[in-house]
Amino acid sequence: MNTDIYYNSLSVVAPSAARQKLLSAQMGGASRSTSSRRAFPAFALHYDRGQASALAVELNFCDLAVRQASAYMAATGCGIDNYRTLFRETARGLLDCHVQETGAHKFCRRLGDLGHAVCKTTLLAVEKIEDENELASEMLSCLAADKESGSLELMCLGEYWGDVERAANLLVDYSFVDSSRNMRMHPFAAMVIRQLCPD
């Protein structure tokens, strides 16, 4: 498989933009989390800026990886420091496990730093979606298999429409699709799911 076409669809963002997106996601997610700080004193914001900058570096300033990490934090209420731990430890384990199961060694060897960052952020989000909503997980697999935008009506025939909308909104929350009406995935994320999560 020629991964160059997909790899070229990845872009980088300015360090300050990546840091701001990650900080905004944490603050948005913090309001949903009961265990998070209610107020953000100056020393905490300084610490968070440092954590956000460090995470942006680990994500290689990759726009898609930053968007996925931000979406994960906002959807789950996970803080930046916790996400960094997930990204470094859990995501690496997930990637190794999926590579062993699928035999996608060659695929992973051809990826650069940007590609590896997206693989990890994608796998973290896929695992969370699988735990939260079976229909959303099935929709994600369908969308990844079809390179064109999906039709909710065709994809979910026979399903209760309220369940379909909840599942579609979950995919929006995790930054897999732009909107519940435009079910188009980023081509690189779709390729990662096809290669590492075939069901």
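Read from the N terminus, the elements of the protein follow the order α-α-α-α-α-α-α-α-α-α-α, which amounts to 11 helices and 0 strands (DSSP runs numbered from the N terminus, with at least four residues of H or I for helices and at least two of E for strands). The model is predicted, so local features need pLDDT of at least 70 and side-chain atom pairs count only at pLDDT 80 or more, while totals for chains, interfaces and linings use all residues. Residues are numbered from 1 along each chain as its sequence is written, and side-chain values use heavy atoms, leaving out hydrogens and water.

Of the 199 residues, 46% are buried (under 20% relative accessible area, 1.4 Å probe, protein chains only). Among contacts (heavy atoms within 4.5 Å) with a separation of 6 or more, 76% join residues 24 or more positions apart.

The axes of helix 7 and helix 11 (residues 187–196) lie 10 Å apart at an angle of about 70° (axes are lines fitted to C-alpha atoms over the stretch in contact, with angles from 0 to 180 degrees between N-to-C directions). Helix 7 is therefore roughly perpendicular to helix 11 (65 to 115 degrees; under 35 is roughly parallel, over 145 roughly antiparallel and the rest oblique). On the helix 7 side, Gly 115, Val 118, Cys 119, Thr 122, Leu 123 and Val 126 meet Phe 188, Ala 189, Val 192, Ile 193 and Leu 196 of helix 11.

Turning to helix 8 (residues 134–145), its axis and that of helix 7 (residues 113–132) come within 6 Å and cross at roughly 135°, which makes helix 7 oblique to helix 8.

Methods: Buried < 20%, exposed > 50% of the residue type's maximum accessible area, 1.4 Å probe, protein only.
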